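I opened this entry to keep a record of what I looked up, going from the whole chain down to single residues. The model comes first, and my notes follow below.

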Amino acid sequence: MPPKVQQSKAAKAAAAMAGGKKSKKKWSKGRVKDRAQHAVVLDQEKYDRILKEVPTFRYISVSTVVDRLKVGGSIARVAIKDLEGKGLIKPISTHSSQLIYTRATAAE
């Protein structure tokens, strides 16, 4: 094996600078879900809409009222209790964490 030829300091520095020119990894931007803008204060317009639309739903729960009417969960819970008190909806299952109601039919 022939002896290696010694490089000059300038050649070594140029070789070191030439290597490793790969660009840095670009991390993907994390997808952020848009924050829902639900009503947290019940005005008369929203209350009238709840009284008109919710008793027509076949399946009524806090999550369906929040999703369809764009109100907060606390407003949905209070509205459902109010509608039940007025007899517009009837309970199917009233577990402590999930309240399920349906529309009150005229036959009863």
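I began with burial, and found that 22% of the 108 residues of the protein count as buried, where buried means under 20% relative accessible area, exposed means over 50%, and partly exposed lies in between, with a 1.4 Å probe and protein chains only. I note here that this is a predicted model, in which local features need pLDDT of at least 70 and side-chain atom pairs count only at pLDDT 80 or more, while totals for chains, interfaces and linings use all residues. Residues are numbered from 1 along each chain as its sequence is written, and side-chain values use heavy atoms, with hydrogens and water left out.

**Overall form**

I looked up the secondary structure next, which comes to four helices and two strands, in the order α-α-α-α-β-β from the N terminus on. Helices (H or I, at least four residues) and strands (E, at least two) are DSSP runs, numbered from the N terminus.

I then checked the radius of gyration, which is 33 Å for the protein, whereas a compact globule of 108 residues would have one near 13 Å; the radius is taken over C-alpha atoms, and the globule rule is 2.2 Å times the number of residues to the power 0.38. Along its principal axes the C-alpha trace spans about 105 × 35 × 20 Å.

For contacts (heavy atoms within 4.5 Å), I noted that among those in the protein with a separation of 6 or more, 45% are made by residues 24 or more positions apart.

**Surface and charge**

The protein exposes about 9100 Å², of which carbon and sulfur atoms supply 57%; these areas come from the Shrake-Rupley method with a 1.4 Å probe, and for residues only the protein chains shown count as cover. I counted charges as well, and there are 23 positive and 9 negative side chains, with the centres of the two sets 26 Å apart. In this count Lys and Arg are positive and Asp and Glu negative, while His and the chain ends are not counted, and the place of a charge is taken as NZ of Lys, CZ of Arg, CG of Asp or CD of Glu.

**The core**

Which residues have the most contacts inside the largest nonpolar core? They are V54, I60, V65 and I80, in a core of 17 residues, a nonpolar core being a set of buried Ala, Val, Leu, Ile, Met, Phe, Trp, Tyr and Cys residues joined through side-chain atoms within 4.5 Å. Helix 3 (62-69), helix 4 (73-86) and strand 2 (99-103) each supply at least two residues of this core, and helix 4 gives the most, with five residues.

In helix 3 the buried residues are V62, T64, V65, V66 and L69, and they pack against helix 2, helix 4 and strand 2. Helix 3 is followed by K70, which has a positive phi of about 55 degrees although it is not a glycine. I placed K70 in the loop between helix 3 and helix 4, and its relative accessibility of 43% makes it partly exposed.

**Single residues**

Neighbours within four places in sequence aside, I75 is in contact with A39, V40, V41 and L42; V40 lies 35 residues away in sequence but 6.9 Å away in space, C-alpha to C-alpha.

K52 belongs to helix 2 (residues 44-53) and, at 65% relative accessibility, counts as exposed.

R103 sits in strand 2 and is partly exposed, at a relative accessible area of 30%. Not counting residues up to four places away in sequence, R103 touches P55, T56, F57, R58, I60, L88 and K90.

Beyond four places in sequence, Q98 is in contact with Y59, S61 and S93, and its C-alpha is 9.2 Å from that of S63, which is 35 residues apart from Q98 in sequence.
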